[in-house]
Amino acid sequence: MTSEPTQLMPQHEARQKLTGWIETGDVAAVLDKVRPFTMVTGVSLLDLVRQVQAVLTYDIPGDFVECGVWRGGTCFLMAEVLRQAGVCDRKVWLFDSFEGMPTSEEIDGPAATAWANNRESPEYFDNCRVSLEGVQRSAAELGLASYTEFVKGWFDQTLPANRDRIGPIAILRVDCDWYSSVRCCLENLYDQVVEGGFVIFDDYYTFEGCAIALHEFLGKRGLAHRIESVVGGPKDYEYHACALFRKGKTTWRETWNWMIPVHLATQEIAVLIPPGDALILVDQAEFGSEIAAGRRAIPFLERDGGYWGPPPDDATAIQEFERLRKSGASFIVFGWPAFWWFGYYAGFHHHLRSTFRCAMENERVVVFDLRR
């Protein structure tokens, strides 16, 4: 496996290649490849893949930075996604002491003290001590050396000295456990995270100091970032794997948990509905025109080209729907914010189900093909 990046391809081609790679399920093999080098849960790793995908898809500028890398697994994952996508104008920065963890403090909480004192625990890993040379060797063996930049030392020294070299940051992953380390990372690197970029906290739910550091920093700056959870586990048991926020986005419609299904729905519409076709979009004006890129989205109900609100009754819904269908609309798309329509407008729903083919139905969109 070569350590050289592939030739830089146009951004739209990189997007298509990356999307196809994730959708084929090949990502599972990559997760297995990096798993020996990380303690991060599978759900957090998969979410990180999607965050890298979002950065590339939406052209969010900047490099990827992790503070506290241990054996480098999550950094290797980000680098591998870049390699698979054929993107070589970004890199992954790995900051670590490579001498183990600093001493925890009282503010870090009892779980931190218990971890530090239990040196026989299989999760202690010699105080997370690894050698820089060993992690660099792993990067080379995985063919990722050219995508990675290693910086050895304590954060209070290395971050101020290197932040100008890093430049804009698209993803900042903070995996350094303790209060003082988390505060140091935020104080030094937050300002370089770009608008719409991601800041991820691996230990937000594990150690009290991490959560306190984050909330103190946001409070001091007067920042209203919505902290979101990455949740995993089977249906009968869920756990919070990590937390994150998107910088500069404060409305719920622009959070990561909103961004993922909107992005997936956009991809599904693009595959199903031919470019240039007109579609009736039932979403309560939540999504915006970008969800139907390359297609003409007609809001429903529609008046003078704009959204008019929900219909007063089934008869109005059917009448307005038939008007738009006869004017050339080929599909009607229901987004999940309007799924309540199916119960409330039962007559309209029956009209659609009994007359037209349901071309797609999942937790994000329901699409009926109006071509007969």
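Arginine 323 counts as partly exposed, because its relative accessibility of 37% falls between the limits of 20% for buried and 50% for exposed residues. The structure described here is a predicted model. Arginine 323 belongs to helix α12, which spans residues 314-326. Its separation from glutamate 99 amounts to 224 residues in sequence and 70 Å in space, taken from C-alpha to C-alpha.

Serine 44 is part of helix α3, formed by residues 42-57. With a relative accessibility of 6%, serine 44 is classed as buried, since the class covers values under 20%. When residues up to four places away in sequence are not counted, the contacts of serine 44 include Val230, Ala241 and Cys242.

The model also contains an open sheet of 5 strands with mixed pairing, in the order β9-β8-β12-β14-β13. The edge positions are taken by β9 (296-299) and β13 (357-361); each has a single partner strand, so one side of each is left without a neighbour in the sheet. On average, neighbouring strands of this sheet are turned by 25 degrees against each other, direction ignored.

Within the sheet, strands β8 (residues 278-282) and β12 (residues 329-335) run parallel and are joined by 5 bridges. Isoleucine 280 is placed opposite isoleucine 332, a residue of β12. Helix α14, comprising residues 346-355, lies across β12, β13 and β14 (365-369). Relative to β12, helix α14 runs at about 130 degrees.

Conventions: Residues numbered from 1 in each chain as written. Predicted model: local features only at pLDDT ≥ 70, side-chain atom pairs only at ≥ 80, totals over all residues. Heavy atoms only, no water. Helix = DSSP H or I, 4+ residues; strand = E, 2+ residues; numbered from the N terminus. Buried < 20%, exposed > 50% of the residue type's maximum accessible area, 1.4 Å probe, protein only. Contact = heavy atoms within 4.5 Å. Pairing = 2+ DSSP bridges. Axes fitted to C-alpha atoms, helices over the stretch in contact; angles between N-to-C directions.
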